[in-house]
Amino acid sequence: MKVTINRWNAVSTWHWDHAQEELCGICRVAFEGTCPTCKYPGDDCPLIIGECKHAFHMHCLLKWLTTESSKGLCPMCRRKFKTATD
Amino acid sequence: MSRSRRIAKEMQDAQADPQSGIRLEMVSESDISHLKGYFEGPPGTPYEGGHYQVDIEIPSDYPFKPPRMKFDTKVYHPNISSQTGAICLDILKDTWSPVLTLKASLISLQSLLTSPEPSNPQDAEVAKHYMADRRGFDNTARYWAKVYAGADGGASATATTPAKTPDVFELYGIDRDSVKAFESMGFDQQRIVEVMRRIGIKKVGADGVEDRILEELLK
C-alpha cells in the first residue's frame, strides 16, 4: 500500500520547567498564562524562582517587591527573596 | 483589571469549598470591591453557635494591600472593638502577603475568636475584663454571641440590635449585686451602669472603688 500525505498539521504544547505549583500565588493565574498586565504568555511573561524555590510570574513578584509592605520578602515563606541563580 | 479577576476567582473557589464553612457574598452586583463574609463561631469557645458577618472592602491595589475587614456582628473579644467591630490582626495589617486570600483571612478571624491576644488589644476595656476575670469575660462573650450572633437560636447574623431587650448586667459583665447596692441608696439603675461602664468597674469590692462610683454618681 502506498500512502500519499497531502497535508499535515503539527500541534505542540509547552510548559515552564517548574512543577511545584500550577498557579502564581499572587495573581492566581496559571504559570503558563500571563500576569494581569501581559497579553502573550511565554518569554514575554516569564517566571521568577527564588532561592527558596517559590515561583511567581516575574511581573507579579516585582510589583510586590516594589511595595513598602513587602519588606523584600517572599510572599510564601517570608524569607528575603533572592532570585535563584541557576 | 487584575483585582476583579482575582476576586471573582476567589469567590468561585470559596463557593466550590463549602466544607470550609466560609461564605463570601457581594453586597451589590455592580461593585466587586465590597463584600460580606460569613462564618460560624468556633466550637469550644464562648462564640460557639454564633453566626458572624464581616464587612470586606477591597482596596484598588489588592492583593498587594490587605482587604479591609471589620465585624458587622457585635463581638465581645479583646482584639475586636465592641463599639465599631474594628479588628486588630497582624495579617490584615503589616504581615499581609499577596498569597493570602479572603478565605484565608476569614479563617484567621475565626481562629482569632479561638485565641484572643489580650496583650495587643483593640478594645482595652474588654481586654482588661479578659485578664482580670476570665469566667466573667466568658459569660459576657457567650451572652453577646446569643443576643447578637444568634447562638442558641437568638438573633440573626445581620442583627445590630438584639432580638430581645438585653440584660444590661449580662451585656456589660457588670455585677448585679453591686448595682443593687447603689440602687438601694436611691440611684437610678441606668445611671449606675453608665458610671460603672465609663470608669471600667465591673464589681464593687476592692477598697476605694465604692467611693469612686459614689463620687461619680453625685457629680
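Me: How far does the predictor trust the complex, and what are its ipTM and pTM?

Reply: The predictor gives an ipTM of 0.81 and a pTM of 0.80 for the complex.

Me: And within chain B, where is confidence lowest and where is it highest?

Reply: Where pLDDT is low, the predicted coordinates should not be read in detail. Chain B has a mean pLDDT of 88, with 92% of its residues at 70 or more. Helix H5 (residues 168-172) of chain B is lowest, at a mean of 79. Strand S4 (residues 68-71) of chain B is highest, at 97.

Me: What is the overall layout of chain B?

Reply: Count the elements, then read their order. Chain B has eight helices and four strands. Along the sequence the pattern is α-β-β-β-β-α-α-α-α-α-α-α. The C-alpha trace spans about 65 × 35 × 30 Å along its principal axes. Of the 219 residues of chain B, 37% count as buried.

Me: Which domains does chain B divide into?

Reply: Domain 1 covers 1-166 and domain 2 covers 174-219. Their centres, taken over C-alpha atoms, are 33 Å apart.

Me: How do I read the two faces of strand S4(B)?

Reply: In a regular strand the side chains alternate between the two faces of the sheet. In S4(B), Met69(B) and Phe71(B) make up the covered face. Arg68(B) and Lys70(B) make up the uncovered one.

Me: Which strand pairs with S4(B), and in what sense?

Reply: Strand S3 (residues 51-57) of chain B pairs with S4(B) in the antiparallel sense, over four bridges. One link to look up is Glu57(B), whose bridge partner in S4(B) is Arg68(B). In the loop between S3 and S4 of chain B sits Pro63(B). Check its peptide bond: from Tyr62(B) to Pro63(B) it is cis, with omega near 0°.

Me: Which residues of helix H6 (residues 176-183) of chain B are buried?

Reply: They are Ser178(B), Val179(B) and Phe182(B). Seen down the axis of H6(B), the buried residues fall within an arc of 95°, so they line one face of the helix. The face turned away from that buried side carries Arg176(B), Asp177(B) and Lys180(B), which are exposed.

Me: What do the buried residues of H6(B) pack against?

Reply: They pack against three helices of chain B: H5, H7 (189-198) and H8 (209-218).

Me: Is Pro46(B) buried or exposed?

Reply: Count the C-beta atoms around the residue. A residue is buried if 20 or more others lie within 10 Å. Pro46(B) has 23, so it is buried. Pro46(B) lies in the loop between strand S2 (31-40) and S3 of chain B. Beyond neighbours within four places in sequence, its contacts are Asp138(B), Ala141(B), Arg142(B) and Ala145(B).

Me: Which residues of chain A have a positive phi although they are not glycines?

Reply: Take Lys53(A), with a phi of about 75°. Lys53(A) is in the loop between strand S1 (47-49) and strand S2 (55-57) of chain A. Lys53(A) is exposed, with 12 other C-beta atoms within 10 Å. Take also Arg78(A), with a phi of about 60°. Arg78(A) lies in the segment after helix H1 (58-66) of chain A. With 13 other C-beta atoms within 10 Å, Arg78(A) is partly exposed.

Me: How many residues of chain A are in contact with chain B?

Reply: Eleven residues of chain A contact eleven residues of chain B. The chain A side has six nonpolar, three polar and two charged residues.

Notes. Residues numbered from 1 in each chain as written. Chains lettered and ligands numbered in written order. Predicted model: local features only at pLDDT ≥ 70, side-chain atom pairs only at ≥ 80, totals over all residues. Contact = placed C-beta atoms within 7 Å. Nonpolar A, V, L, I, M, F, W, Y, C, P; charged D, E, K, R; others polar. Domains from an automatic or database assignment. pLDDT = per-residue confidence, 0-100. Arc of directions from axis to C-beta. Pairing = 2+ DSSP bridges.
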